[in-house]
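Keep the sequence and the 3D view at hand.

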Amino acid sequence: MAGFTSSWPAEAPCSGQVRLRAFEDRDVDMVMGLATDSHVPTIGSLPFRATHREALDDIARQRGRQAEGKGFSFCVADRSDDTALGGIGLWLTAIEQGRTTGGYGVAPSARARRVATQALDALTAFAWTLPPVHRIELYFEPWNLASIRTAETAGFTREGLLRSHQEIAGRRPAAASRAGPRECAAPRSGAMRSAHRAPLRSGAPLRVRTGCSRRRSPRPSRS
Ligand SMILES: CC(C)(COP(=O)(O)OP(=O)(O)OC[C@H]1O[C@@H](n2cnc3c(N)ncnc32)[C@H](O)[C@@H]1OP(=O)(O)O)[C@@H](O)C(=O)NCCC(=O)NCCS
């Protein structure tokens, strides 16, 4: 896996009504809309209620993610008129171990139209075209039913609850983890189908125990 260099997809990943492309400054209104959801700033770099300037700065940060080696940050656009609807990322910080992480957000005005589900479908198909990828992981808080349904519909499997997984807005909530391991990748519709014909490589599931969150008070001693 060493030395893997990511290249931007030659063909925009698509699914249903959405297409994944690079962010552009003209997406600023959508990004400002995304910033009105108080949860979005807790899971990314976009400030809550971002101003026009702050939204443009965030677009510039998203455009720089690939050059930094962090992964791909895509704007989710409407396939018919290219209007921006949201953002979705494929993060490569653990690519040396064959793992990637996905994350997404849809502007409030574009929700409940299957945008996230289709975007995740397109991202997943693209991820499986990258030879080192064996797992795509998603993490979200257990209350986030919309995100859980999005992951389920896109074919991700529930793997567990990770206590104190990461700091979000000054708290360390549990995160539900879902994964799409390569051995579960089923051919899906669309232009990316040929990518799934690559031979699957073996990878035994790793059993994880996550009962080791930091305790605030000492355990009572057994007598
Ligand atoms: C989560 C999010 C991306 C969903 O976007 P969306 O485009 O509205 O989702 P979809 O229209 O594709 O709907 C996906 C599923 O969630 C369900 N859903 C949507 N909103 C819901 C809600 N508020 N409560 C429960 N289920 C909901 C839909 O009915 C659909 O399920 P179905 O396939 O069984 O009908 C969007 O709510 C969002 O951006 N939230 C803030 C950021 C976030 O939480 N990101 C995820 C963390 S990684």
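Is Arg 65 buried or exposed? Arg 65 counts as buried, with a relative accessibility of 12%. Buried means under 20% relative accessible area, exposed means over 50%, and partly exposed lies in between (1.4 Å probe, protein chains only).

This is a predicted model, in which local features need pLDDT of at least 70 and side-chain atom pairs count only at pLDDT 80 or more, while totals for chains, interfaces and linings use all residues. Residues are numbered from 1 along each chain as its sequence is written, and side-chain values use heavy atoms, with hydrogens and water left out.

Stay with Arg 65 for a moment. Its partner in a salt bridge is Glu 68, with the closest N and O atoms 3.7 Å apart. A salt bridge here is a side-chain nitrogen of Lys or Arg within 4 Å of a carboxyl oxygen of Asp or Glu. Glu 68 is partly exposed, at 47% relative accessibility. Side chains of opposite charge can pair when their charged atoms come close. By the salt-bridge rule, the count comes to 15.

Now turn to Arg 26. The side chain of Arg 26 meets that of Glu 24 in a salt bridge, 2.7 Å from N to O. Arg 26 also meets Asp 82 in a salt bridge, at 2.6 Å from N to O. This second pair links distant parts of the chain, 56 residues apart. Arg 26 sits in the loop between strand E2 (18-21) and H1, and Asp 82 in the loop between strand E3 (71-78) and strand E4 (84-91). Helices (H or I, at least four residues) and strands (E, at least two) are DSSP runs, numbered from the N terminus. Arg 26 is partly exposed, with a relative accessible area of 48%. Glu 24 is partly exposed too, at 32%. A network of salt bridges links Arg 19, Arg 21, Glu 24, Arg 26, Asp 27 and Asp 82.

Strand E4 also holds Ile 88. Ile 88 counts as buried because its relative accessibility is 2%. Its contacts (heavy atoms within 4.5 Å) include Leu 20, Phe 72, Tyr 104 and Leu 123, leaving aside residues up to four places away in sequence. Leu 120 is another of these contacts. The C-alpha atoms of Ile 88 and Leu 120 are 7.6 Å apart, although 32 residues separate them along the chain.

Asp 37 lies in the loop between helix H1 (28-34) and helix H2 (52-64). At 18% relative accessibility, Asp 37 is buried. Beyond residues up to four places away in sequence, Asp 37 touches Phe 48 and Arg 111.

What surrounds the ligand? There are 22 residues around it, and Val 106, Arg 114, Thr 117, Asn 144 and Arg 149 come nearest. A residue is near if one of its heavy atoms lies within 4 Å. Strand E5 (99-106), helix H3 (115-127) and helix H4 (145-153) each supply at least two residues of this shell. The largest share, 6 residues, comes from H4. The shell divides into 10 nonpolar, 7 polar and 5 charged residues.

A side-chain N or O atom of Arg 149 is 2.7 Å from a ligand oxygen. A backbone N or O atom of Ala 112 lies 2.8 Å from a ligand oxygen. Taken alone the ligand exposes 940 Å², and the protein buries 75% of that. Accessible areas come from the Shrake-Rupley method with a 1.4 Å probe; for residues, only the protein chains shown count as cover.

Notes:
A polar contact is a pair of N or O atoms within 3.5 Å; within protein, one must be able to donate a hydrogen and the other to accept it, and residues adjacent in sequence count only if both atoms are side-chain atoms. Ala, Val, Leu, Ile, Met, Phe, Trp, Tyr, Cys and Pro count as nonpolar, Asp, Glu, Lys and Arg as charged, and the others, Gly among them, as polar.
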